[in-house]
Each structure stands twice: as structure tokens, then as C-alpha cells.
Amino acid sequence: MSKVKKLVVRVEKTNTGFSAYAEKYAAFTTATSAAELISNMVESLNLYFEAEGLKRRVASRDLSFQVE
């Protein structure tokens with residue numbers, strides 16, 4: 001059984017919290033806490049997939065956060 005590859009999300013610390021963007025998709029977000037950032041990124045990616053007409057849904061377990 002092959003492992004599903006996680007979507008890479010790049011995270012940067014800012015003066016007001018965090019910003020993040022998906023490595024291969026036009027999805028990005030900002031947040032004041034890590035928990036909020038995760039939730040916002042899941043929402044951003046799901047909105048992106050919906051807008052593109054893709055039948056894909058992601059959850060936090062599908063993401064790999066990498067701090068820059």
C-alpha cells in the first residue's frame with residue numbers, strides 16, 4: 001500500500017503571527033496562532049480546490065508544515 005503524499009505548506013513567522021502558502025497551489029493565509037494557521041490553511045486549500053472544480057478535500061492531517 002502506497003503512502004499518500006502530504007501537501008507542503010511553507011510557514012513564515014511575521015511581526016503579527018504567521019503567514020503560510022501552499023507550495024504547489026494558489027492557496028495562502030495568515031494567522032496569529034499556529035492552531036488558527038492550520039485551520040485557515042485547510043479552509044484556503046479547500047476553497048481553492050472548489051474554485052478550480054476539483055473534487056478534492058483536505059484535512060490538517062494531509063498537510064506538512066515547513067517553517068522557513
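Select Glu68 and Arg10 to begin: they form a salt bridge, with the closest N and O atoms 3.3 Å apart. Salt bridge here means a side-chain nitrogen of Lys or Arg within 4 Å of a carboxyl oxygen of Asp or Glu. Glu68 lies in the segment after β4 and Arg10 in strand β1, so this pair ties together parts that are 58 residues apart in sequence. Helices (H or I, at least four residues) and strands (E, at least two) are DSSP runs, numbered from the N terminus.

A word on what you're looking at: this is a predicted model, where local features need pLDDT of at least 70 and side-chain atom pairs count only at pLDDT 80 or more, while totals for chains, interfaces and linings use all residues. Residues are numbered from 1 along each chain as its sequence is written, and side-chain values use heavy atoms, with hydrogens and water left out.

The structure holds 2 salt bridges, and their shared partners join Arg10, Glu23 and Glu68 into one network.

How open to the outside is each of the three? Glu68 counts as exposed at 53% relative accessibility, whereas Glu23 is partly exposed at 37% and Arg10 is partly exposed at 21%. The cut-offs are under 20% relative accessible area for buried, over 50% for exposed, and partly exposed in between (1.4 Å probe, protein chains only).

Staying with charged side chains, select Lys13 and Phe18. Lys13 lies over the face of Phe18, 4.9 Å from the ring centre. For a charge to sit over a ring, NZ of Lys or CZ of Arg must be within 6 Å of the ring centre and within 35 degrees of the ring normal.

Next, go back to strand β1 and pick Val9. At 0% relative accessibility, Val9 counts as buried. Show its contacts (heavy atoms within 4.5 Å): leaving out residues up to four places away in sequence, Val9 touches Ala20, Tyr21, Ala22, Met41, Leu63, Ser64, Phe65 and Gln66.

From there, hop to Leu63. With the neighbours up to four places away again left out, Leu63 touches Lys6, Leu7, Val9, Met41, Val42 and Leu45.

Which residues touch the most other members of the largest nonpolar core? Met41, Leu45 and Leu63 do, in a core of 15 residues. β1 (7–14), β2 (17–22) and α1 (34–51) each supply at least two residues, and α1 gives the most, with 6. A nonpolar core is a set of buried Ala, Val, Leu, Ile, Met, Phe, Trp, Tyr and Cys residues joined through side-chain atoms within 4.5 Å.

Colour α1 by itself now. This helix has 18 residues and reaches 26 Å from its first C-alpha to its last, close to the 26 Å expected at 1.5 Å a residue; the expected span is 1.5 Å times one less than the number of residues. Its buried residues include Leu37, Asn40 and Ser44, and the buried residues of α1 pack against β1, β2, β3 (28–31) and β4 (63–67). Following α1 you'll find Gly53, whose phi is positive, near 75 degrees.

Last stop: the rings. Select Tyr25, Tyr48 and Phe49, which form one aromatic cluster. Rings of Phe, Tyr and Trp (its six-membered ring) pair if their centres lie within 6.5 Å; planes under 30 degrees apart count as stacked, over 60 as edge-to-face and the rest as tilted. The structure holds 3 aromatic pairs. Tyr25 and Tyr48 make a tilted one, at 5.7 Å centre to centre and 55 degrees between the planes. Tyr25 and Phe49 have ring centres 5.1 Å apart and planes at 80 degrees, so that pair is edge-to-face. Tyr25 lies in the loop between β2 and β3 and Phe49 in helix α1, so the pair ties together parts 24 residues apart in sequence. Finish by comparing surfaces: Tyr25 is partly exposed at 26%, while Phe49 counts as buried at 1% relative accessibility.
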